[in-house]
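The following exercises concern the architecture of one protein model. Please work through each task before reading its solution.

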Amino acid sequence: MSLINKAKAIALAPIHVLQLGTSAKSFLDHPLIGSQRLNQMGLHRARVRFADAMCRWRRRRLAKHVRSDWREAFDRDGFVVIENVVPAAEFRKLREAILHSEWPAREMRQGDAITRRIAIDTEMLQVTPDLRRFLARKDINALFHYVASFRITPLHYVQTIVSNLVGGGTDPQQVLHADSFHASMKAWLFLNPVAKEDGPFTYVRGSHRFTPKRMEWEHERSLVDPRSIDRLSARGSPRVDASGLTQMGLPPAEALALPENTLVVADTSGFHARGAAEKARERVEIWSYARRNPFLPWLGGDPLSIPGIAEKRVGWLWSFRDRFEKTIGQPWQDVGRRRPMDDSATG
């Protein structure tokens with residue numbers, strides 16, 4: 001190591017230590033998280049165990065606000081499926097208002113799939129009152145909070161998955177994986193039916209629990225040289241195969257073919273994937289996401305969840321990455337105003 005690199009490492013050491021108390025997860029980019037020596041001593045195992053303990057403590061305090069059948073399904077499986085979640089007449093109006101209008105959109109390509117996202121912001125909520133009413137429902141938000149283990153407002157998008165395009169490689173989202181070493185919430189309200197051939201959401205039931213076998217698997221993977229494995233696993237979103245599921249005593253993944261107007265809410269620290277579409281398909285959904293520092297003891301206190309601010313976060317995030325694209329990258333291309341179902345997806 002050169003003298004300059006040594007000086008840089010010393011200067012950044014306090015920051016790297018502090019980041020151990022955050023959601024930082026990359027074994028490839030972080031010298032402490034990726035240290036095989038520290039992980040042999042139990043660093044990764046300790047972070048996972050502590051994050052899980054804090055999550056379970058927060059959920060106990062949120063549990064009383066959640067419908068018992070939803071809570072029991074989530075505790076057992078790691079996800080909840082709610083069919084006909086929006087009254088039929090409201091759902092039809094919500095769906096038509098979103099699908100038949102053009103909105104500012106962004107797109108990203110991974111392998112043979114394009115993901116199109118449209119921010120659910122102040123403009124959309126003003127012209128789609130049925131969507132605003134759904135996202136304000138106390139029972140739905142109580143479930144979001146319980147799964148996320150925090151009383152925070154998720155980021156909401158209209159998301160379109162365009163699958164099985166010509167000229168692409170393998171979509172990395174089709175490989176079973178966990179998003180991180182700690183709980184995070186994702187939700188999908190499907191605006192169209194999703195059959196097995198459409199690439200449905202796929203989940204390994206019960207894989208959200210950090211059992212002794214899961215903890216041992218986490219420890220073993222922390223000892224692998226991150227430069228010798230796939231990049232997404234090395235950066236903290238571990239991929240898993242059938243032998244890994246067997247090692248953890250978990251069942252095979254299950255593809256959830258579901259009708260329209262179905263809400264799925266899941267903890268994506270459990271193993272999940274996007275199913276493989278048999279033909280070029282478009283899957284359209286209201287997609288919600290919430291993740292926070294897993295070591296915080298309090299439930300709320302997020303200034304970005306304040307009404308009037310929460311609806312603007314996606315736009316701010318995109319603008320920030322646009323401005324600093326050369327430094328931090330910007331995978332989301334601005335493609336102008338689009339309808340959610342639009343055949344002119346970019347390549």
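Two strands pair if DSSP finds at least two bridges between them. Helices (H or I, at least four residues) and strands (E, at least two) are DSSP runs, numbered from the N terminus. The model is a predicted one: local features need pLDDT of at least 70, side-chain atom pairs count only at pLDDT 80 or more, and totals for chains, interfaces and linings use all residues. Residues are numbered from 1 along each chain as its sequence is written, and side-chain values use heavy atoms, with hydrogens and water left out.

**Exercise 1. Determine the strand order of the open sheet of three strands and identify its edges.**

Solution. Step 1: the order is 7-6-9, and the pairing is antiparallel. Step 2: strand 7 (254-255) and strand 9 (272-274) each have a single partner strand, so one side of each is left without a neighbour in the sheet. Step 3: strand 6 (residues 201-203) is joined to strand 7 by two bridges, and Y203 stands opposite E254 in strand 7.

**Exercise 2. Describe the open sheet of eight strands.**

Solution. Step 1: its strands follow the order 1-8-5-10-4-3-2-11, with antiparallel pairing. Step 2: strand 1 (79-83) and strand 11 (333-338) are the edge strands, each pairing on one side only. Step 3: on average, neighbouring strands are turned by 25° against each other, direction ignored; axes here are lines fitted to C-alpha atoms, for helices over the stretch in contact, and angles run from 0 to 180 degrees between N-to-C directions. Step 4: within this sheet, strand 2 (residues 103-110) and strand 3 (residues 113-119) run antiparallel and are joined by six bridges. R109 stands opposite I114 in strand 3.

**Exercise 3. Which residues of helix 12 (residues 313-323) are buried, and how are they arranged around the axis?**

Solution. Step 1: the buried residues are R313, V314 and W318. Step 2: they lie on the same side of helix 12 because they cover an arc of only 135° around the axis, the arc being that of the directions from the helix axis to the C-beta atoms. Step 3: their cover includes strand 2, strand 3 and strand 4.

**Exercise 4. Characterise the surroundings of A178.**

Solution. Step 1: A178 is located in the loop between strand 4 and strand 5. Step 2: its relative accessible area is 0%, so A178 is buried. Step 3: not counting residues up to four places away in sequence, A178 touches R214, S237, P238, T268, S269, G270, F271 and H272, where contact means heavy atoms within 4.5 Å.

**Exercise 5. Summarise the protein chain as a whole.**

Solution. Step 1: the chain contains 13 helices and 11 strands. Step 2: of its 347 residues, 50% count as buried. Step 3: among contacts with a separation of 6 or more, 84% are between residues 24 or more positions apart.

Technical notes
Buried < 20%, exposed > 50% of the residue type's maximum accessible area, 1.4 Å probe, protein only.
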